[in-house]
Amino acid sequence: MDFLQSVRREWFSNIRGDVLAGLVVALALIPEAIAFSLIAGVDPKVGLYASFCIAVVIAFTGGRPGMISAATGAMALLMVTLVRDHGLEYLLAATVLTGVLQILAGYLRLADLMRFVSRSVVTGFLNALAILIFLAQIPELINVPMAVYPMVVAGLVIIYGLPRLTRRIPSPLVAIVLLTVAAVVFGIPVPNVGDKGELPDALPVFLLPDIPWNLQTPMIILPVSLTLMVVGLLESFLTAQIVDDLTDTPSDKHREAKGQGIANMVSGFFGGMAGCAMIGQSVINVKSGGRGRLSSLLAGVYLLLMVVFLSDWVGLIPMAALVAVMIMVSIGTFSWQSIANLKHHPRTSSLVMLGTVVVTVATHDLAKGVLTGVLLSALGFARKVSQVVTVSSRLEDEGATRRYTVTGQVFFASAGQFLDAFDFGEVIEHIRIDVSRAHFWDLSAVGALDRIVLKFKREGVEVELIGMDEASRTMVDHLGVHDKPGARQSPAH
Amino acid sequence: MSVKPYIIPVDGRVMACLDASVYSNPVVDHAVWASRRLSAGLTFLHVLDRKPSRRPEADFSGNIGMSTQSDLLTELVELDARNSKIAIRQGRELLNNARIRAEQAGIATPDGIQRHGALADTLTEMESKVRLFVIGKRGEAADFNTGHLGANLERVVRSVHRPLLVASRQFKPIERFAIAFDGSPTTRKCVEMVAMSPLLKGLPCLLVIAGKVTADTRKALDCAKEHLQGAGFTPEEVVVAGDAEQVITEQVNGRQIDLLVMGAYGHSRIRHLIVGSTTTAILRNCHIPVLLLR
């Protein structure tokens with residue numbers, strides 16, 4: 001019953017909306033799939049087959065109804081070297097392996113790790129992605145006939161101007177159709193999609209990737225697949241979150257990970273490249289009224305039908321029209337708000353965001369960028385928390401004892417500060433250190449406490465530790481040396 | 001189906017679920033009746049189960065600009081907010097009207113509460129404080145002409161473990177009641193619960209049996225009658241051959257029965273998928289209130 005109910009809700013609760021949104025999405029997917037194939041350095045049909053397979057499979061296996069997945073720029077950027085050095089067959093194998101890894105990630109519940117990816121890293125990810133998509137269009141704008149430039153501008157004017165007149169037809173489609181017609185009718189000599197490689201003229205067929213089965217192959221594809229897995233899941237989880245927020249409905253991130261894996265495996269076996277969820281397309285889908293799984297399924301089906309039956313026409317689309325669409329995607333992906341936010345957001349957050357962007361753009365690898373961002377935010381957090389330690393002191397027992405009271409978090413980043421707060425020069429008989437309101441987190445904290453105790457002992461001072469809370473005590477008991485007879489030096493640092 | 005030891009709730013309130021359907025007033029009346037019979041407090045509940053709003057007009061422009069995502073989010077949130085506010089106001093009005101109606105009928109200080117969430121989940125959460133739920137046969141979301149039950153009702157029947165009084169279209173003072181009996185553990189439990197509860201005490205009672213009476217059923221039937229007599233009832237029995245749904249509906253209509261007591265969903269879910277359940281069919285065809293016991 002519950003299964004049937006969820007099927008009804010996820011598939012058939014919004015049929016009209018999903019049917020129309022699926023069409024809008026399919027029309028938007030075609031130029032993107034072609035453009036991303038060109039980024040990866042493969043024939044347009046590889047991206048188109050991938051988009052078809054992924055959109056259709058994920059409709060059934062995904063954990064986020066209403067989200068659109070297909071061939072993406074983030075993934076395409078990671079394949080460039082593999083395709084250039086080893087060719088398409090290795091890419092297909094890497095795609096299948098990516099799928100396997102993502103399924104594993106689903107079972108290992110890797111989505112839980114997303115909580116370490118802070119908001120600033122996510123913003124950085126989006127901005128870097130937008131910049132890379134834009135940069136990928138530059139080759140289409142250099143050393144090309146002059147006619148390309150006015151065509152790109154005309155495309156952008158239609159894309160952003162037409163919705164002011166009517167919102168009933170997709171403006172990117174109108175831009176593509178008008179520019180194609182203009183190029184053909186007036187015989188404008190500009191490069192078109194047909195010049196860039198083979199378009200699909202048949203339905204995709206199942207094929208095993210033609211690669212040598214030896215030890216070298218995994219060495220070549222595994223690093224690529226690992227990065228593809230990470231970036232694919234990152235963008236998918238991120239997009240799922242956006243769709244969750246837009247529709248105010250929950251998603252199953254672990255199911256999504258497995259779903260992405262299955263979709264990529266299928267894509268690889270049917271001659272497609274690896275893909276993941278698409279932020280822009282998912283937003284377009286929701287905007288067009290898509291909510292259920294049906295919209296993703298139909299987007300895939302429409303896409304394949306249009307491409308297979310209109311392949312002659314698709315080949316005539318001028319690259320300038322595609323560039324205009326991709327500029328739109330890049331503008332839509334970039335978080336423009338984040339630039340205004342630089343002024344009043346905390347400096348650490350801005351640093352994390354910019355760090356993510358800089359590393360990604362420099363390496364063309366979103367995984368490296370995100371890793372940088374995560375590390376930077378961890379460092380920033382450690383630095384902030386390290387300021388949450390205070391040591392105060394007062395004299396007790398008529399001047400015979402000094403009592404130090406430690407509060408806050410003692411760990412590697414605050415250990416030095418903690419150490420400096422004690423006055424070792426004072427001549428006194430007895431020292432009492434009250435740590436009942438402090439937390440000792442790691443070896444560095446324990447080491448610092450050891451040094452303090454040993455230092456006082458050497459000055460001939462009696463040291464008494466009190467109020468050590470249970471957590472700190474266990475740590476000290478396990479790691480420390482100061483309470484053991486004959487201790488001279490802590491091994492902990 | 002095994003019967004778990006059932007603890008009959010003897011404290012807790014009568015909780016009536018209201019929505020903007022034509023069942024709202026009858027639900028209040030049934031709840032008032034139950035509350036007085038049980039001498040239990042009365043709480044009215046309005047659950048706001050928000051469905052995601054649809055945008056008023058389609059946007060197939062298919063482009064994304066500098067702030068499409070945030071604009072879209074703002075727009076959808078505002079749409080939902082507007083609808084939610086209206087729903088809350090409507091619900092508050094429903095609750096106020098219900099309270100006035102109950103007070104006029106002599107109930108002291110009936111409560112009114114509003115909750116966000118799905119109806120079945122909300123009721124399950126509140127179960128511990130409730131002795132009897134009262135709900136309309138169809139909700140505002142159910143289509144009237146089809147004769148189908150509200151989808152919410154079926155979910156509620158399956159998920160709550162308290163007795164559930166399903167209100168009919170119009171409240172009529174309850175003077176005679178019937179118990180649908182087949183000798184199964186579930187129906188035996190029903191008899192026990194009726195015997196122990198003050199809800200129907202003193203009313204004429206009819207045991208309706210569909211189909212042949214085997215030796216086992218006879219034994220169960222005698223046992224049930226004894227039980228009821230012990231509690232001060234004067235049970236009669238009627239045995240009619242035929243299909244349970246049809247027999248029960250006919251007997252209830254033909255003998256001026258005002259309330260039917262039955263066990264809820266005795267069949268497995270698999271069977272229900274294929275043939276639909278007797279409970280659903282009887283709920284649909286009997287035009288009197290039905291007391292469902294789990």
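Why is A:Arg9 classed as partly exposed? Because 15 other C-beta atoms lie within 10 Å of A:Arg9, and the label covers residues between buried (20 or more other C-beta atoms within 10 Å) and exposed (12 or fewer), with C-beta atoms placed from the backbone.

## Ground rules

This is a predicted model, where local features need pLDDT of at least 70 and side-chain atom pairs count only at pLDDT 80 or more, while totals for chains, interfaces and linings use all residues. Residues are numbered from 1 along each chain as its sequence is written, and chains are lettered from A and ligands numbered from 1 in the order in which they are written.

## Back to A:Arg9

A:Arg9 sits in helix α1 (residues 2-12) of chain A. Helices (H or I, at least four residues) and strands (E, at least two) are DSSP runs numbered from the N terminus. The C-alpha atom of A:Arg9 is 7.8 Å from that of A:Gly292, although 283 residues separate them along the chain.

## The sheet in chain A

Chain A has an open sheet of four strands, ordered β3-β4-β5-β6, with mixed pairing; two strands pair if DSSP finds at least two bridges between them. At its edges are β3 (389-396) and β6 (462-466), each with a single partner strand, so one side of each has no neighbour in the sheet. From one strand to the next, the twist averages 20°.

Strand β5 (residues 430-440) of chain A pairs with β6(A) in the parallel sense over five bridges, and A:Arg432 has A:Glu464 in β6(A) as its bridge partner. Across β4 (401-410), β5 and β6 of chain A lies helix α19 (residues 443-458), running at about 175° to β5(A). Contact here means C-beta atoms, placed from the backbone, within 7 Å. Axes are lines fitted to C-alpha atoms, for helices over the stretch in contact, with angles from 0 to 180 degrees between N-to-C directions.

## The sheet in chain B

Chain B has an open sheet of ten strands, in the order β3-β2-β1-β4-β5-β10-β9-β6-β7-β8, again with mixed pairing. Its edges are β3 (111-116) and β8 (235-240), each with a single partner strand, so one side of each is left without a neighbour in the sheet. Ignoring direction, neighbouring strands are turned by 25° against each other on average.

Strands β1 (residues 13-18) and β2 (residues 42-48) of chain B run parallel, joined by five bridges, and B:Met15 is bridged to B:Thr43 in β2(B). Helix α2 (residues 68-104) of chain B packs on the sheet, touching β1, β2 and β3 of chain B, and makes about 165° with β2(B) in direction.

## An enclosed strand: β6(B)

Five of the five residues of β6(B) are buried, so the rest of the structure largely encloses this strand. B:Phe177, B:Ile179 and B:Phe181 are buried on one side, and B:Ala178 and B:Ala180 on the other. In a regular strand, side chains alternate between the two faces of the sheet.

β6(B) runs parallel to β7(B), with five bridges joining them, and B:Phe181 is the bridge partner of B:Ile209 in β7(B). The chain gets from β6(B) to β7(B) through helix α5 (residues 185-196) of chain B, in a right-handed β-α-β crossover (with the strands pointing away from the viewer, the path from the first strand over the helix to the second runs clockwise). Three bridges also join β6(B) to the parallel strand β9 (residues 259-263) of chain B, where B:Leu259 stands opposite B:Phe177.

How values were computed:
Contact = placed C-beta atoms within 7 Å.
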